[in-house]
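Subject: Structure handover

Hello,

Please find the structure we spoke about below. My notes on it follow, and they can be read with the viewer open.

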Amino acid sequence: MGTCHSYDPASPRAPSRCPRFFVISLAVAVLGAGLLPSAQADTRLYTKEQAFAGQRVYQRACAACHGTALEGSESAGALRGAAFLDKWRGKPIALLHGLTRSSMPLDAPGSLSEKDYLDLLAFTLSQNAYSPGPSALVADSDTILSEPDADEPLEFAAAPADEKLFVEWLHHRGEPGASNYSPLSLINASNVKQLEIAWRWRSDNFGPGIYANLQTTPIMADGVLYATAGARRVVVAIDAASGETLWMHRTDEGARGENAPRKGPGRGVAYWRGGNDARIFVITPGYQLLSLDAANGQRVSGFGQAGAVDLKAALDQDMDLVNARIGASSPPVIVGDVVITGSAFPAGGAPPTKSMPVGNVSAYDIHTGERRWVFNTIPARGEFGHDTWLDGSADYTGNTGAWAPISADPELGYVYVPVEAPTGDFYGGHRPGDNLFSQSIVCLDAKTGARVWHFQTVHHGIWDYDVPTAPILVDIEHKGRSVPALVQVTKQGFTYVFDRRNGEPLWPIEERPVPQSRVPGERTAPTQPFPSLPEPFAVQGVGPDTLNNLTAEIHAEALRIVSEGTTGPLFTPPSLITEDNVGTFTAPSAAGGANWQGGVVDPDTDILYVSSTNTIGLTGLISDPQRSDMRYILNRQKTPGPFGLPLGKPPWGTITAIDLRTGKHLWQIANGDTPDYVRQHPKLKGVALPRTGHDDRAGLLVTASLLFAGEGSGLYVATEGGSKFRAHDKKSGAILAEIELGARQSGIPMTYAINGKQYIVVAVGAPNQAGELIALTVPDSAQ
C-alpha cells in the first residue's frame with residue numbers, strides 16, 4: 001500500500017494495515033495500572049513554528065490514511081476530536097511521542113527524523129485545540145495532557161500545491177506484507193474515465209539490446225521512482241512527476257553475468273532509509289547484492305567489498321563464482337537492520353544433472369554487508385526435515401530456491417519464504433521422500449533465521465507447482481475475531497490461509513489420496529493437501545467437461561487429442577512418452593493457475609482478488625543421457641489444441657474475487673477480450689462467442705476506490721497478452737474504464753501521490769519492443 005506514516009490511538013480495532021495499535025492499548029493498560037511515573041499537566045506544549053512544520057509532515061506522510069483534516073477514515077481513526085482526547089487526556093505526552101516514534105511508519109519504524117516526529121505531534125496537538133507556547137516540544141517531556149485550553153484548533157493557511165497530499169510506495173508490493181493495496185482514492189469511479197498517460201519512460205538504451213519483458217515494479221520514495229531495466233539489470237532513478245531520468249547505476253559482470261540463469265531487469269529493488277540516509281538494494285543477474293546511495297546511485301563503500309556482497313561465496317557451497325547457475329529475479333526484503341535474499345535457477349524441466357546448487361535463504365547486515373545467517377532450504381544432517389530426503393538425496397539435490405518475493409511482518413519480526421521445487425521439476429526418482437522444505441511456505445525469524453513454522457503445499461513435487469508469489473499478510477475477520485493472517489495463492493488454483501503467527505490454518509486442510517506414478521523409479525507421495533476453503537479459483541484436472549466446447553466439432557476434436565495421452569484429476573503424475581501416450585494433460589498447467597503476478601487484498605473488506613489462467617499443459621518424460629544424468633527429463637512440447645484453438649474451455653484468463661471472511665467466491669470474470677485469432681477462426685464463423693480472456697495472468701492493483709488490471713504480456717509462459725488497462729468495480733468486477741497502453745502490461749502496477757496528484761505506474765512491453773514504464777493519471781481538474 002502507499003506508506004501510511006500514522007498512529008491510530010482512537011480506533012477500537014487495529015486497522016488491518018496499521019496493526020501496531022495493540023502496542024498503544026497495552027501502554028494505556030500499563031498507565032491505568034499506575035506503572036508509569038506521575039507528571040504535571042500543562043497545555044502550552046509546543047511552538048507555533050513546530051505546528052506549521054508538522055502540518056507539512058502530516059500532509060506528506062499521514063493524510064492518506066487519516067484524512068487531510070485528521071478526520072480519520074473507515075480504516076484509520078480520527079486524530080482530532082473526542083475519540084483522540086478521551087484516549088489521551090491524562091496521559092504523559094512522552095508516551096504518545098514514544099509510541100509514535102517506535103511503531104510508525106509501520107514498514108520502517110523510527111525512519112522519520114526526530115524533528116519530524118516532534119513537529120508531527122505538535123501539529124496533532126494544535127488541531128485538538130491545545131495552544132502553542134514559547135517553548136518547543138521535547139521528546140522526554142513528562143507533561144500530562146489535560147483539557148485543551150483553546151476554543152478552536154490552530155488555524156493554518158491553505159497549503160500550497162507542493163505541500164498537498166504525498167503518499168509513497170516503499171516496497172515491491174506496496175508494503176512488506178505484499179497486499180498491493182493503496183489507501184489512495186484521488187483516482188476513483190467519478191473520474192477514472194478521464195485516465196490518461198502522463199509520461200512514458202523507455203528502456204531502449206539501458207542494455208546491450210532491447211529487453212521487452214520488463215517485469216519491474218518501481219519503488220517511490222521522496223518523489224523519486226527507483227526501478228530496474230535492461231539485460232544487465234541497470235538501476236535507474238526517475239522523477240516521479242515528470243518521468244525524467246535522474247541517475248543510473250550499471251554493473252557489467254562480464255562472463256559471470258552472461259552465465260546468469262535469470263538475466264534481465266528482474267522485478268525491482270528494495271529501499272531502506274534511516275534518518276537522512278537512504279539506500280537502494282538490488283541483486284544483480286550474476287548474484288551479487290549491491291547497496292547504492294539513493295541520492296546518486298553510487299555504491300555504499302562500507303557495505304561488503306566496495307558496496308557489494310558476493311552471494312555465491314556467502315552460501316558456503318564451494319561453487320564456481322563465474323559459472324554456477326544461481327541468481328535471482330525478485331528483489332530482497334528488508335526487516336529492521338537485515339536484508340534478506342532469495343535465489344532462482346534455470347528452468348528445471350530438463351536439468352543437465354541431478355546435482356545442483358541449493359537456493360538457501362541468507363541475510364546480511366544492512367550497514368556492513370556482514371552475513372547474519374543462512375537457512376538451509378534442504379536441511380543438513382541433524383536439522384529438522386532432513387529425514388524427508390531418503391537414500392542420501394539431500395547430499396546432492398539442489399534448487400529449492402525462493403525465486404518469488406519474500407514477505408515480511410516487521411512487527412512480529414518474521415519473514416515468509418515461498419520455496420520452489422527441488423531438482424528436477426517433473427521427475428523425483430533421484431530424491432525419494434517428501435523433500436522439505438521444497439514447495440513450502442517457511443516462516444523464519446528475521447534476526448536469527450530460525451524456523452518458526454512451515455507448511456508444504458506439495459509433497460515430493462513433480463508438477464512444477466512452486467509457491468509462485470509473495471505470501472500476502474493481512475489481518476482478517478474470522479469467526480468473529482481479527483486474525484493476523486497469511487494468504488497464499490498457488491499454481492494449482494488453491495488459496496491457503498493461515499494464522500501467520502503460528503501457521504495454524506483458518507480452515508481445515510485435508511490430506512487426500514492422489515493418483516500414483518508409473519514412471520520407473522518414481523515414488524509419488526500418497527496424499528496431497530487440499531484446503532476446504534477458500535474455494536479454488538482455477539480449473540483443476542482434465543476431463544471431458546474441462547475441454548474446449550465452443551462447438552460440438554471443436555469439443556470432439558479436443559476429446560480425440562486428449563485420448564492420445566493420460567488425463568485425470570489434479571495431481572495426476574507426469575507419464576512417459578511412448579507410442580501410445582503423448583504424456584499427461586494437466587490443469588492447471590505448470591505455469592498455473594496463479595503465477596508471480598499473484599493476488600491483492602483490500603484490507604478494508606478482506607477481499608482477495610487473484611488473476612489466473614485456465615490452460616491445460618502437457619508433461620511427457622523421456623530419457624536422454626546426452627542431455628542429463630537424470631533418468632528422465634521433460635520433453636518440451638507444445639500442448640496441441642483443436643484446430644489450433646486452446647485445448648481447455650474458456651474463460652482462459654480470469655480475475656476472481658474471494659471473500660476471505662467466508663472463503664467463498666464473490667465474482668469471477670474473464671480478463672481480456674476474446675483474441676482476434678479466435679474471433680476470426682473459420683471454425684467459429686457465425687458462433688456467438690463469450691468473452692474468453694487471455695491465457696496470461698495480469699498484475700493487479702487495489703486501492704481504496706478501485707481494482708486495476710491489465711491483460712498480461714504473453715511474453716513468457718503464455719502466448720497472448722493485451723494492451724488494455726482497466727479499472728474495475730471492486731464489488732462486481734464490472735469494467736468502469738479502460739485505456740489503451742500501446743503495449744502489453746508486463747509488470748505489476750503501483751501507485752503514489754505527489755503534489756496532490758495520484759499516479760499509477762505500470763511496466764509494459766511487446767515483442768521486439770523495449771520495455772517501458774507508463775505513468776497514468778487524471779487531469780488536475782478531476783482530482
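Where in the chain is the place of R500? R500 is in a loop, the one between β23 (495-499) and β24 (509-513). Before going further, please keep in mind that this is a predicted model.

Is R500 buried or exposed? With a relative accessibility of 5%, R500 counts as buried, because the cut-off for buried is under 20%. Leaving aside residues up to four places away in sequence, R500 touches D409, L412, Y414, Y416, C443, W453, L473, V474, D475, P484, A485 and L486.

Two of these neighbours, Y416 and W453, also belong to an aromatic cluster. That cluster is formed by Y416, W453, F455, W463, Y465, F494, Y496, F498, F530 and F571.

Aromatic pairs

How many aromatic pairs does a search of the whole structure find? The search finds 21. One of them is made by F375 and F437, whose ring centres are 5.4 Å apart with the planes at 50 degrees, so this pair is tilted. F375 is in strand β16, while F437 is in the loop between β18 (414-418) and β19 (440-445). The two residues are 62 residues apart, and the pair links distant parts of the chain. Both F375 and F437 are buried.

A second example is F494 with Y496: the ring centres are 6.0 Å apart and the planes are at 65 degrees, so the pair is edge-to-face. F494 is buried at 2% relative accessibility, and Y496 is buried with a relative accessible area of 1%.

The charged end of R267 sits over the ring of W596, 4.6 Å from its centre. The charged end of K683 sits over the ring of F643, also 4.6 Å from the ring centre.

Strand β16, which holds F375, covers residues 371-375 and is joined by four bridges to strand β15 (residues 361-365). How do β15 and β16 run, parallel or antiparallel? They run antiparallel. Within this pairing, S362 stands opposite V374 in β16. The two strands make a hairpin with five residues between them, and in this hairpin G369 takes a positive phi near 80 degrees.

Elsewhere, five strands form an open sheet with mixed pairing, in the order β3-β34-β35-β36-β37. Which strands are at the edges of this sheet? They are β3 (181-182) and β37 (735-740), each of which pairs on one side only. Inside the sheet, three bridges join β35 (residues 707-709) to β36 (residues 724-728), and these strands run antiparallel. A709 has R726 in β36 as its bridge partner.

Nonpolar cores

The largest nonpolar core has 42 residues, and those that touch the most other members are W199, L225, F708, Y752 and L773. Several strands supply at least two residues each to this core: β4, β6 (224-229), β7 (234-239), β36, β37, β39 (750-754), β40 (757-766) and β41 (769-777). Which strand gives the largest share? The largest share comes from β40, with seven residues. L773 touches W199, R200, W201, L214, T216, P218, A227, I238, V761, V762 and A763, not counting residues up to four places away in sequence. Another core, of 22 residues, lies apart from this one; among its members are A270, I283, I326 and A328.

Two single residues

S203 is in the loop between β4 (196-202) and β5 (219-221). S203 is buried, because its relative accessible area is 2% and the cut-off is under 20%. A polar atom of the S203 side chain lies 2.7 Å from the backbone oxygen of G771. Beyond four places in sequence, S203 touches Y211, A229, A770 and G771.

I144 is found in strand β2 (residues 144-145) and counts as buried at 16% relative accessibility. Where sequence and space are compared, I144 and I93 are 51 residues apart in sequence and 5.7 Å apart in space, C-alpha to C-alpha.

Regards

Conventions:
Residues numbered from 1 in each chain as written. Predicted model: local features only at pLDDT ≥ 70, side-chain atom pairs only at ≥ 80, totals over all residues. Heavy atoms only, no water. Pairing = 2+ DSSP bridges. Buried < 20%, exposed > 50% of the residue type's maximum accessible area, 1.4 Å probe, protein only. Polar contact = N/O pair within 3.5 Å; in protein donor to acceptor, adjacent residues only side chain to side chain. Contact = heavy atoms within 4.5 Å. Phe/Tyr/Trp six-rings, centres within 6.5 Å; stacked < 30°, edge-to-face > 60°. Lys NZ or Arg CZ within 6 Å of the ring centre and 35° of its normal. Core = buried A, V, L, I, M, F, W, Y, C linked by side-chain atoms within 4.5 Å.
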